[in-house]
Amino acid sequence: MTKDEFLDMCVRFSIKINKLRKYLREQQHEYNNSDQIQRSGTSIGANYSEACHAESKADFAHKLGIALKEAHETNYWLRVLYGSDLISKEMFDELTNDLTDIYKILSASVKTSKNQ
């Protein structure tokens, strides 16, 4: 997968997260958790984009690490939302599957960047 393809994947995920936030606010009247998942979920792609334009290899690895941490945090918020019955199993599964794909790519990239 190219950098552009992965960035597109992150953008699509961010759009889904933004739609989730809208759903949570408008349908579930949930504001705090919706803000949390929106921040972490959209931050994954933003940090990856920054990594692609890093000033050094160390900066690249650092930004990838932040993106990976944000992916972990997003998984946490998805679990909280699902466990609180604020999202359906279908929503949870779709977003978790997307996040798993993103996580795998980021994990491999972080490992590779640290070995260089």
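I began with the secondary structure and found that the protein has 4 helices and 0 strands, where helices are DSSP runs of H or I with at least four residues and strands are E runs of at least two, numbered from the N terminus. The model is predicted, so to speak of local features I need pLDDT of at least 70, and side-chain atom pairs count only at pLDDT 80 or more, while totals for chains, interfaces and linings use all residues. Residues are numbered from 1 along each chain as its sequence is written, and side-chain values use heavy atoms, with hydrogens and water left out.

I read the order of elements from the N terminus as α-α-α-α. The radius of gyration is 14 Å, close to the 13 Å of the globule rule for 116 residues, so the protein is as compact as a globular protein of that length; the radius is taken over C-alpha atoms, and the rule is 2.2 Å times the number of residues to the power 0.38.

I then looked up burial, and 36% of the 116 residues count as buried, meaning under 20% relative accessible area with a 1.4 Å probe, protein chains only.

The largest nonpolar core has 26 residues, and Leu 20, Ile 37, Ile 44, Leu 78 and Leu 106 have the most contacts inside it; such a core is a set of buried Ala, Val, Leu, Ile, Met, Phe, Trp, Tyr and Cys residues joined through side-chain atoms within 4.5 Å. I noted that α1 (3-26), α2 (32-52), α3 (57-83) and α4 (89-114) each supply at least two residues of this core.

Leaving out residues up to four places away in sequence, I listed the residues that Leu 78 touches, among them Leu 20, Ile 37 and Phe 92, with contact meaning heavy atoms within 4.5 Å.

How values were computed:
Buried means under 20% relative accessible area, exposed over 50%, partly exposed in between (1.4 Å probe, protein chains only).
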